[in-house]
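Welcome, and thanks for taking a look at this one with us. Please open the sequence and the structure side by side, and we will walk through them together.

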Amino acid sequence: MSSDSVEEWQEQLDVEKLVRRIRDTVSDLRAEEIWQQWKNQLLVSTSLSRPSDSIKTEGQQDKDTEATVRQQLECVCYGLGSFSSCVSARYQLAMLLLLLDAGHIPLKDCSLYDPAFSVTEKDILRELGLTVLTENEEGKRLATKPTLFYLMHCGKALYNNLLWQNWNPHCLSLVTIIGNCFSGIRERTFERELKRDYSYINKAVDLCEERLLPCPSRLIDVFSDTAIITFSSDRLNKLPSSTWTDSPEPQYQHCSDLEIILKQTSVLDSRETSLS
């Protein structure tokens with residue numbers, strides 16, 4: 001067997017080993033009380049509840065409607081981290097897989113990106129049936145259908161970019177976030193910095209509905225300060241139009257410790273920017 005063949009064989013063994021480890025973690029987490037608590041909160045807070053529970057006797061037309069609803073749901077996950085070496089990231093991935101199952105979101109409709117992913121980790125995610133994004137979106141994903149954004153312990157800029165991209169009543173009402181509690185971010189950030197650099201988080205705190213998710217002490221490094229964040233269309237539509245008109249793209253030129261990896265720009269782009 002050639003050295004290349006041995007290396008490919010070893011890589012495949014590594015993938016299979018890690019896939020088994022992730023599935024074992026899913027089984028372990030499913031047996032934990034935290035999972036049932038998170039599941040109940042998710043179903044209460046969002047439209048991801050099981051449609052069949054309320055339409056079992058409504059006939060084939062309602063079954064078709066149920067299938068359509070399920071097809072419309074999707075999920076985006078940013079900043080998961082290196083789950084092959086980090087136990088916390090592996091538990092967060094296991095929780096994501098459980099949430100997808102509870103929300104009837106097909107695995108292929110969940111897209112993930114983290115510049116920290118290794119080639120092997122990308123192969124593992126694909127082996128699990130998930131979709132791996134190839135471009136760094138910097139969190140600037142427009143919600144065109146009901147979307148669950150899974151952003152565990154991500155930097156403030158990622159949340160801020162996501163809010164900016166969806167800063168209108170229609171798109172925000174399609175967004176559900178599982179991630180750091182916005183009110184907690186505001187409490188931990190200097191007011192001047194929040195208003196200047198993370199203005200969309202600052203404004204969203206008063207527009208969103210947050211449900212803090214429980215976290216046992218032994219998993220505090222994994223799931224602490226996590227909330228389900230939603231935006232009520234009724235509430236958003238009652239706001240004055242001026243709420244949405246002045247919405248410049250975030251720049252972060254004053255941030256010395258920006259908690260996000262920006263996408264790479266070409267040398268030509270950098271030169272054009274410097275000359276402009």
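Is Thr 144 buried or exposed? Because its relative accessibility is 57%, above the 50% cut-off, Thr 144 counts as exposed. Do keep in mind that this is a predicted model. Thr 144 sits in the loop that links β3 and β4. Its C-alpha atom is 7.4 Å from that of Leu 174, a residue 30 positions away along the chain.

Now to the sheet. Seven strands form an open sheet with mixed pairing, in the order β3-β2-β1-β4-β5-β7-β6. The edges are taken by β3 (131–132) and β6 (209–212); each has a single partner strand, so one side of each lacks a neighbour in the sheet. Strands β1 (residues 74–78) and β4 (residues 147–151) run parallel and are joined by four bridges. In that pairing, Glu 74 of β1 faces Thr 147 in β4.

| Helix | Strands | Angle |
|---|---|---|
| α2 (residues 33–45) | lies across β5 (175–180), β6 and β7 (226–230) | about 15° to β7 |
| α5 (residues 87–102) | touches β1, β2 (110–113), β4 and β5 | about 165° with β4 |

Finally, a word on confidence. The mean pLDDT of the protein is 85, and 82% of its residues reach 70 or more. Residues 61–71 stay under 50, and the model has nine contacts for them beyond four places in sequence. Residues 266–276 are also below 50, with one contact in the model beyond near neighbours in sequence. Where pLDDT is low, the predicted coordinates should not be read in detail.

Definitions and conventions
Residues numbered from 1 in each chain as written. Predicted model: local features only at pLDDT ≥ 70, side-chain atom pairs only at ≥ 80, totals over all residues. Heavy atoms only, no water. Pairing = 2+ DSSP bridges. Helix = DSSP H or I, 4+ residues; strand = E, 2+ residues; numbered from the N terminus. Contact = heavy atoms within 4.5 Å. Axes fitted to C-alpha atoms, helices over the stretch in contact; angles between N-to-C directions. Buried < 20%, exposed > 50% of the residue type's maximum accessible area, 1.4 Å probe, protein only. pLDDT = per-residue confidence, 0-100.
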